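I opened a new page in my notebook for this chain. Below are the sequence and the structure, followed by what I looked up.

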Amino acid sequence: MSQQISRRTFVQGATILGIGGMFGFGLTGCGPKPEQQVAAGWKAGTFSTDVVGHNAPFTMNVTFSENAITAIDTAAAQESLGVGAFALEDLASKAMEAQTLQLDTVTGATMSSMAFTQGLEDCAKQAEASKDLKAAPAPEEAVESEYTADVCVIGGGGAGLAAAISAAQAGAKVVVVEKCGITGGSTNVSEGALNAVDPERQKKQGIEDSIETFYNVTMEGGHELGDPTLVHYLTDNALESVHWLESLGVTFKDECGSATGSLGERSHYPSTPSGNTYIRSFQDYVKNNVDSVTLLHEMQVTALNLDASKAVAGITASYRGKQEVVVNAKSVIIATGGFGANIEYRQKVNTGVWASVKLDNTIGCTNIKPCAQGEGLGLAEKAGVELIGLSDIQLHPCGTPGTGLMEDIRTSGRNRIFVNKQGNRFVNEGAERDKLCQAIFAQPDSTYWIVVNKLRYPSTTEPDSNGSTIENMLALKHIVTGNTVEELAKATETDAVNLQKAIDGYNTVVAGEAEDEFGFKAGNTADKQMTEGPWYACQKVPTVHHTMGGIRINANCQALDATGAPVKNLYACGECTGGIHGSNRLGGNAIADCMTFGRVAGAQAATNAKA
């Protein structure tokens, strides 16, 4: 499914963040192969065009000799790492290698792909090379019609890759089939928060925590509907997942933070922005272990294959909708993500906490659309698996109006207030996600402003934990600013008196001078009073974020039927499973879930394959 650091200022911040050179922002040095030589006569030079990417418009520069594309520069693009940014890199590489305009869209990054191909064609026309490049054949991409493995993983997102690597570490030969052309799924566009009780880090921060507390708040946050056995396994083993990721090259920040609705200060954030950090480390592992892990993209699984005894024996997939591919495997792991972007399905099962809200196309989704369609649930159900908790759909308060994507100033962290269109606070900003969204829906137009100041952003050019900068967010008109509260009120069209009162009220609670009428408690070590400008505000709406229901599993990640018996040779992990989070997931528990149960699924599937 995908890859990402953040959309903003990646080029500017790459060196600071220690990930420069990840992409060929300016690919050079490739010319036509001998058998592809074209007649001379193109206009040599560098030509530019403006295109509209997924995240923002950007300028694309393409350099031509008299008979070849010699460089493609998309450095100005602000596409998401692992998603749009990967598509630009991948397509540039293929265009340079094959010297052609005949390029397939990268599934999972359609808009970025279209922007690239349009830009390349525009520049080719300027160089009078379009006719020749259109006539050149498409890059050759071949896959086998049949593969054999110990373990087949359906889905190359965070959970699927964790499972694949865990299985490989246990000695299994693994094939991963991914429907998209990108790797990493919606993990790429997550903030990367991973909850775990970590005495070494937390003690240094003065944070009091325990596994028992973590378990209790996870159960309470899920309204006591989580499976106690699964919740215990998650909270008991999350720190081991942190250490496992570190063994694969992931580095975490020294201090724990608080994801939105985490109900604690135990969120581990990667040192480089976003969940794409995990995916890059996973990709490195796959690259260095090609004998044990095979990753196949553009593979839509159409069926679980069963043997004569009705045990799962592999999968059948369609490569780009053109070629049937079979993977024979002794164990199969479903890790296909949730169904949050499947509008028809989520409306069908929306009989739970959000039954009063029509989850149609007016409500966006934080996930990458092709990566959150829920196909794995249908595959599992046909194999006899029970699906549970499907009505448990989570909305997140950090949606971007119009898309639902989580972008720009985030609701996670501290030192921010939520105000409605009148400039009034209306909720405890540290509450669970479902309570936050319920409060937002009760406001005029079901929207609000998140307000921060110099405390959160001391510099306009320094990338935040998601790679965004104030400078770029302002340039894209995604946020508004004011040196004073009065100026911010004017920019947000809120009442200045109300806005100042909201800020003052928050500050008195942080100072310990009053109790908050909405229940906010300044018990976090990061809490400070917001007093100095500049001030910044970003408009937000609720958005579909996570689907807590799915495949019924046990603590060994075996997929279970309605009687609780395992469906032979079938495992599941990640957001496609149910029972872990109850009816509301805590912020930071999804990555913990993916990594912890992904590790289990891989190890158990490998053991089963050897039996």
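This is a predicted model: local features need pLDDT of at least 70, side-chain atom pairs count only at pLDDT 80 or more; totals for chains, interfaces and linings use all residues.

**Entry 1**

I began with strand S13 and strand S19 (residues 550-552), which are joined by 2 bridges and run antiparallel. Two strands count as paired if DSSP finds at least two bridges between them. Strands (E, at least two residues) and helices (H or I, at least four) are DSSP runs, numbered from the N terminus. In this pair, Ile 388 stands opposite Gly 550 of S19.

I then noted the sheet they belong to: it is open, has 3 strands in the order S13-S19-S22, and its pairing is mixed. Strand S13 (387-388) and strand S22 (577-578) are at the edges with a single partner strand each, so one side of each has no neighbour in the sheet. Strands of a sheet pair through backbone hydrogen bonds, in either the parallel or the antiparallel sense.

Helix H11 (residues 375-382) lies across S13 and S19, and runs at about 35° to S19. Angles here run from 0 to 180 degrees between N-to-C directions, and axes are lines fitted to C-alpha atoms, for helices over the stretch in contact.

Residues are numbered from 1 along each chain as its sequence is written, and side-chain values use heavy atoms, with hydrogens and water left out.

pLDDT is the predictor's confidence in each residue, from 0 to 100. The chain averages a pLDDT of 92, and 93% of the residues score at least 70. Over residues 1-25 pLDDT stays under 50, and the model has 117 contacts beyond four places in sequence for them. Residues 28-38 also stay under 50, with 23 such contacts. Contact means heavy atoms within 4.5 Å.

**Entry 1: strand S21 and its partners**

Which strands pair with S21, and in what sense? Strand S12 (residues 323-334) pairs with S21 in the parallel sense over 3 bridges, and Ile 334 stands opposite Ala 572 of S21. Strand S20 (residues 558-560) pairs with S21 in the antiparallel sense over 2 bridges, and there Leu 560 stands opposite Pro 566.

S20 and S21 form a hairpin with 5 residues between them, and Gly 564 in the turn has a positive phi of about 90°. I also checked how covered strand S21 (residues 566-572) is: 5 of its 7 residues are buried. Buried means under 20% relative accessible area, exposed means over 50%, and partly exposed is in between (1.4 Å probe, protein chains only).

**Entry 2: two helices**

Two packed helices are described by the angle between their axes and the distance between the axes. For helix H5 (residues 158-169) and helix H9 (residues 276-288), I found axes that come within 10 Å and cross at roughly 35°. On the H5 side the meeting residues are Gly 158, Leu 161, Ala 162, Ile 165, Ala 168 and Gln 169, and on the H9 side Ile 279, Phe 282 and Tyr 285. These divide into 7 nonpolar, 2 polar and no charged. Ala, Val, Leu, Ile, Met, Phe, Trp, Tyr, Cys and Pro count as nonpolar, Asp, Glu, Lys and Arg as charged, and the others, Gly among them, as polar.

**Entry 3: single residues**

Lys 173 is in the loop between H5 and strand S6 (174-177). Is Lys 173 buried, exposed or partly exposed? Its relative accessibility is 43%, so Lys 173 counts as partly exposed. Beyond four places in sequence, Lys 173 is in contact with Thr 148, Ala 149, Asp 150, Val 151 and Ser 292.

Ser 130 is in helix H4 (residues 130-135), and it counts as buried because its relative accessibility is 11%.

Ser 274 is not a glycine, yet has a positive phi of about 75°. Ser 274 sits in the loop between strand S8 (267-268) and H9, and is buried at 2% relative accessibility. Glu 298, also not a glycine, has a positive phi of about 60°. Glu 298 lies in the loop between strand S9 (293-296) and strand S10 (299-306), and is buried at 8%.
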